[in-house]
Amino acid sequence: MDVEILGRVLSTLPAEDDHPYRTGPWRPQHTEWRAEDLAVVGELPADLDGVYLRNTENPVHPALERYHPFDGDAMIHLVGFRDGKAFYRNRFVRTEGFLAEAEAGGPLWAGLAEKPSSAKRPDGWGARGRMKDASSTDVVVHAGVALTSFYQCGDLYRLDPLTLDTMGRADWHGRFPADRGVSAHTKVDEHTGELLFFNYGTDEPYLHYGVVDQRDHLVHYVDVPLPGPRLPHDMAFTENYAILNDCPMFWEPELIAKGVYAPKYHPELPLRLGVIPRRGGSDQVRWFEAAPTYVLHWVNAYEQGNEIVLDGFFQGDPMPTEGGPFRFLALDRMRTRLHRWRLDLDTGRCREERLTDSITEFGMINPGHGGRPYRYTYAATGKPGWFLFDGLVRHDLLTGSEQRYAFGEGVYGSETAMAPRVGATGEDDGYLVTITTDMNQDRSECLVFDARRVADGPVARVRLPERVSSGTHATWAPGASLPGWRS
Ligand SMILES: [Fe+2]
């Protein structure tokens, strides 16, 4: 193994930090590494070719008053696979907010658990305002560039997908909607090369939807009027439609007027699903009503006859009251289960069904099946009472069968990406890749599974140079999609 420290970022966190989400599995890293030819237990398949990228909320500074686990600065971890060998990089995303706080030597903006009025600076980002755009929520690769994003809408930061150097903000040839930003969970359609996105805010029309083409031009951007401010987190798409949502959990308008942003669940209101042709206008949105819930993540959607089939995670209890602060993020408290909504384009009706009793979330698919018929999703199981992934499940949506793998006591994974094998001949012909945080061994590994044989455990374990903080959203980019991959 050839290891080099690229740099260390100066942190102002207390030496004896006792915050529950900055210690233990969430202990942040401040060293940036470059490591080649990583040590491997087992054998890395030669036809696993590309990069696994994972975003992480990894704080550099304490909060002004009260830290929330979504406030951390973005650190991207990259594990690359080429010719049966693996390499690793990790870098902070140099957002405007990150650089300003580095200059100031401490926090400047209010976090999610703090009032916007507590921010030290009058400016800021986020649907709520006066937050730091940490860009630490999600990561995708579009047009050969990695893009990181912020759940409350902000800039999209462009990163070299091999070096992780921050290359500035997405500009879309001067048409980036800088007034509102873009939400996390942009969607890349591998078949068209398009990037679909949405943003939301506290003023009318409350939601927008847009499309960026494969040459990085914004080619479509429309209003999607809602009855009031909402908190959408994710969207879905099919070959011909985009699917937006109006979940009945949102900031109370009367409280917003007082500067308080407290989400409230309204079980008396339906979940509304908005279907719009991918290049459709505001007047072409069709709304379907379904049983009330909050959906954090959709898995996929596709067209079948006159129906749109939409899969995602239904929350049995979107706002759990028990368990103390942050425990509401625990999958067992929210009771997140794989669920299917069928939207009938002829009748305007929605039929829905639970697909499994198992509690999972963060489902990933073969990316080539995004927006198209598919059969498998690979999802995370949660440590009871905690926002930690203790294993993964392969759901076969055709037969309902499941294959499970538990990481083991004290070992936590991240969102597990599906990497199609080079020359793959079937949807599940490939590998699953995840990064673990192992509290027993005080180390991290990147695990590689055969996507067809999850229960057998990893075929290879790749040792990373340092223990990585627990984190969630990740993506896979095939080497063939990355400029300079073979040079
Ligand atoms: Fe998310």
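## A first look at this predicted model

With 24 C-beta neighbours inside 10 Å, Leu-164 counts as buried. Leu-164 belongs to the loop that runs between strand 9 (157-159) and strand 10 (166-169). Its backbone also deserves a glance: phi of Leu-164 is near 65°, a positive value in a residue other than glycine.

Before going further, please keep in mind that this is a predicted model. The protein chain has a mean pLDDT of 96, and 99% of its residues reach 70 or more. Confidence is lowest in helix 2 (residues 253-256), with a mean of 92, and highest in strand 15 (residues 236-237), at 99.

Another loop to visit is the one between strand 12 (194-200) and strand 13 (207-212), where Pro-205 sits. A cis peptide bond, with omega at about 5°, links Glu-204 to Pro-205. Tyr-206 has its place in the loop between strand 12 and strand 13 too. Phi of Tyr-206 is near 80°, again a positive value in a residue other than glycine.

Now to the annotated histidines. The unreviewed UniProt entry lists His-185, His-233, His-297 and His-473 under "binding site". These positions are spread over 289 residues of sequence, yet they cluster in space, with a largest C-alpha distance of 12.7 Å. His-233 lies in the loop between strand 14 (218-223) and strand 15. Leaving aside neighbours within four places in sequence, His-233 is in contact with Tyr-151, His-185 and Leu-296. His-297, for its part, is found in the loop between strand 20 (286-290) and strand 21.

| Residue | C-beta neighbours inside 10 Å | Class |
|---|---|---|
| Tyr-206 | 21 | buried |
| His-233 | 20 | buried |
| His-297 | 19 | partly exposed |

Why do His-233 and His-297 fall into separate classes? A residue needs 20 or more such neighbours to be buried, so His-233 with 20 counts as buried, while His-297 with 19 counts as partly exposed.

Four strands form an open sheet in the order 21-22-23-24, with antiparallel pairing. Strand 21 (298-304) and strand 24 (350-359) stand at the edges with a single partner strand each, so one side of each has no neighbour in the sheet. On average, neighbouring strands here are turned by 20° against each other, direction ignored. Strand 21 pairs with strand 22 (residues 307-315) over six bridges in the antiparallel sense, and Trp-298 has Gly-312 of strand 22 as its bridge partner.

How values were computed. Residues numbered from 1 in each chain as written. Predicted model: local features only at pLDDT ≥ 70, side-chain atom pairs only at ≥ 80, totals over all residues. pLDDT = per-residue confidence, 0-100. Helix = DSSP H or I, 4+ residues; strand = E, 2+ residues; numbered from the N terminus. Pairing = 2+ DSSP bridges. Axes fitted to C-alpha atoms, helices over the stretch in contact; angles between N-to-C directions. UniProt positions renumbered as here; feature names shortened; annotations may be inferred. Buried ≥ 20, exposed ≤ 12 C-beta atoms within 10 Å, placed from the backbone. Contact = placed C-beta atoms within 7 Å.
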